[in-house]
Amino acid sequence: MRFREFSPVERQTAVLLLWAALFNGVVASLGQTQDIIARKALLAKDWQLALMVMIWPVANFFSIWWGRLFEQSCHKSRYFLATGILGRLVLIYGIWLTTMNEFLVLLTVMFAFNSLLIPAQNLIYQKNISTGRRGKVYGYMTSISMVITIAFTFLAGWWLDINEAMFRWLLVGTGICGFVSSLFLSLIRLQMPIIESSCEKIPLRRAIIEPMRLSIDLLKRDKAFAYFERSFSIYGMGFIMMTPVLPILLVNILKLNYTANFLAKGVLAQAGLLLLSPYLGKLHDRLHPFRFISLSFGTLALFPLLILFAILFAGHQWLGVFFVFAAFSVFGVAMSGINMAWNMSSIYFAGNNNAAIYQSVHVTMTGFRGLLAPALGYVLLKTLGINSVFAVAAGFLITATLISWNDHRRLLAANLNHHNES
């Protein structure tokens with residue numbers, strides 16, 4: 001990035017986002033290691049893994065209420081601090097962690113407050129970064145964060161292979177770094193006017209019902225955004241249903257140690273985010289979201305197909321591991337695009353409207369598929385076997401690809417007809 005081209009506000013915002021991204025890289029590593037820690041160190045059962053996967057998307061269901069509170073507040077920095085204390089520092093309890101059920105409760109608290117952080121960050125990019133630079137800036141921040149994520153994850157694997165009980169200290173370090181990241185975000189001053197009427201306190205009943213009504217109205221009013229959410233929901237079903245099954249494959253079928261597990265999930269799977277995010281940020285600024293997600297979903301569809309080959313050759317240790325590593329390499333490329341769209345596309349659809357509200361609706365939608373997808377994966381695992389989970393997931397991802405591509409074609413046709421009529 002050329003900071004010389006930035007305005008003073010953009011430059012100051014980018015610097016604080018940079019520091020936040022560095023410390024958040026440690027927090028991001030937890031997402032790549034928590035299921036392996038659960039299976040190996042805490043001996044999580046299959047149903048507990050499924051429940052653990054449900055926590056993040058279900059906690060995101062509360063995002064529409066967080067987003068509304070954030071919109072109404074005239075002291076937005078407080079919400080970043082609340083997230084840092086209640087959603088990050090709470091991980092310090094990890095030093096006393098002994099059971100899988102405790103781990104589930106800890107993750108529930110963490111992710112419940114994290115669902116505020118995502119729409120709040122979107123508002124920062126919308127208000128403080130100019131339109132043509134948002135994807136690029138976010139891409140660079142993602143790459144910087146991934147450097148820390150990859151390094152921390154790899155070191156964590158090496159450390160836990162020496163002493164498995166040290167996962168507790170990893171949680172403590174993650175909590176402290178997460179708090180520091182939120183602290184830097186709280187220092188960013190949003191470039192938006194404070195309107196007294198927007199600061200007034202609203203009745204509890206209205207505070208509960210109004211976000212739901214506004215979310216439904218938004219999806220009815222903005223059809224393009226509704227179509228975007230439909231495609232993301234189909235993709236999400238395929239993606240989430242695989243997640244609780246992966247540690248069973250890696251730990252019980254392929255019998256990988258911590259270092260190999262974290263190399264696959266924390267290094268190869270994140271390499272795409274590290275290397276491609278700046279480029280994909282520029283690409284996202286140029287392409288319509290429908291086309292962008294179609295390409296990303298299509299790439300991710302290769303992941304479950306390669307995993308099926310890994311299962312097929314699991315008896316040949318090196319060959320099974322080869323296909324797993326290949327699958328997570330493809331996963332990293334695909335998720336670098338999906339992560340960009342997941343975090344930035346809402347700003348495109350919001351236009352001049354409040355991006356935090358759009359993103360809170362987007363985040364909340366993950367709650368619905370988060371209830372269904374892990375349960376579907378668990379049922380398939382227990383009734384038809386592990387192969388069926390990845391086969392069905394591939395079907396969901398291919399479907400999301402084709403629907404998104406068709407939406408893009410319809411958009412082009414509509415624009416062409418409008419141009420001809422003009």
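## The second largest cavity

The residues lining the second largest cavity divide into eight nonpolar, three polar and no charged, where Ala, Val, Leu, Ile, Met, Phe, Trp, Tyr, Cys and Pro count as nonpolar, Asp, Glu, Lys and Arg as charged, and the others, Gly among them, as polar. The structure is a predicted model, in which local features need a pLDDT of at least 70 and side-chain atom pairs count only at pLDDT 80 or more, while totals for chains, interfaces and linings use all residues. Residues are numbered from 1 along each chain as its sequence is written, and side-chain values use heavy atoms, with hydrogens and water left out.

The lining consists of Ser29, Leu30, Thr33, Ile37, Phe152, Ala156, Phe167, Leu170, Leu171, Thr174 and Phe262. Helix 1 (8-40), helix 6 (134-162) and helix 7 (167-186) each contribute at least two of the lining residues. The volume of this cavity is about 70 Å³, and a search of the whole structure finds four cavities of 30 Å³ or more. Rolling a probe the size of a water molecule over the atoms shows where empty space is left. Here a cavity is a set of points, on a 1 Å grid over the protein atoms alone, where a 1.4 Å probe fits but cannot get out, and lining residues have an atom within 4 Å of a point. Grid points are joined across faces, edges and corners, and a volume is the space filled by probe spheres set on the points.

## Overall fold and confidence

The chain has 16 helices and zero strands, where helices (H or I, at least four residues) and strands (E, at least two) are DSSP runs numbered from the N terminus. Of its 422 residues, 54% count as buried, meaning under 20% relative accessible area, with exposed meaning over 50% and partly exposed lying in between (1.4 Å probe, protein chains only). Among contacts (heavy atoms within 4.5 Å) between residues at least 6 apart in sequence, 86% join residues at least 24 apart.

The average pLDDT, which is the predictor's confidence in each residue from 0 to 100, is 85 for the chain, and 88% of the residues score at least 70. Confidence is lowest in helix 3 (residues 63-72), with a mean of 62, and highest in helix 13 (residues 302-312), at 95. Over residues 418-422 the pLDDT stays under 50, and for these residues the model has zero contacts beyond four places in sequence.

## Residues brought together across the sequence

Gly135, which belongs to helix 6, counts as buried at 0% relative accessibility. The C-alpha atoms of Gly135 and Gly281 are separated by 4.1 Å, although the two residues are 146 apart along the chain. Apart from its neighbours within four places in sequence, Gly135 is in contact with Gly281, Asp285, Met340 and Met344.

Ile92 sits in the loop between helix 4 (77-86) and helix 5 (100-128), counts as partly exposed at 30% relative accessibility, and touches Val172 and Ile176, not counting residues up to four places away in sequence; its C-alpha atom is separated by 7.7 Å from that of Gly173, which is 81 residues apart from Ile92 along the chain. Gly395 is part of helix 16 (residues 386-421) and is partly exposed, with a relative accessible area of 32%, and Gly395 and Tyr235 are 9.5 Å apart in space, C-alpha to C-alpha, and 160 residues apart in sequence. Leu305, in helix 13, is partly exposed at 36% relative accessibility, and Leu305 and Phe323 are 18 residues apart in sequence and 9.7 Å apart in space, C-alpha to C-alpha.

## Loop residues with positive phi

Most residues other than glycine have a negative phi, and most peptide bonds are trans. Leu43, although not a glycine, has a positive phi of about 55°; Leu43 lies in the loop between helix 1 and helix 2 (46-59) and is exposed, with a relative accessible area of 63%.

Lys255 also has a positive phi, near 55°, in a residue other than glycine. Lys255 is placed in the loop between helix 10 (246-253) and helix 11 (258-286), and at 63% relative accessibility Lys255 counts as exposed.

Definitions and conventions. On a 1 Å grid over the protein atoms alone, a cavity is a set of points where a 1.4 Å probe fits but cannot get out, and a pocket is an open set with protein on both sides within 12 Å along at least five of seven lines; lining residues have an atom within 4 Å of a point.
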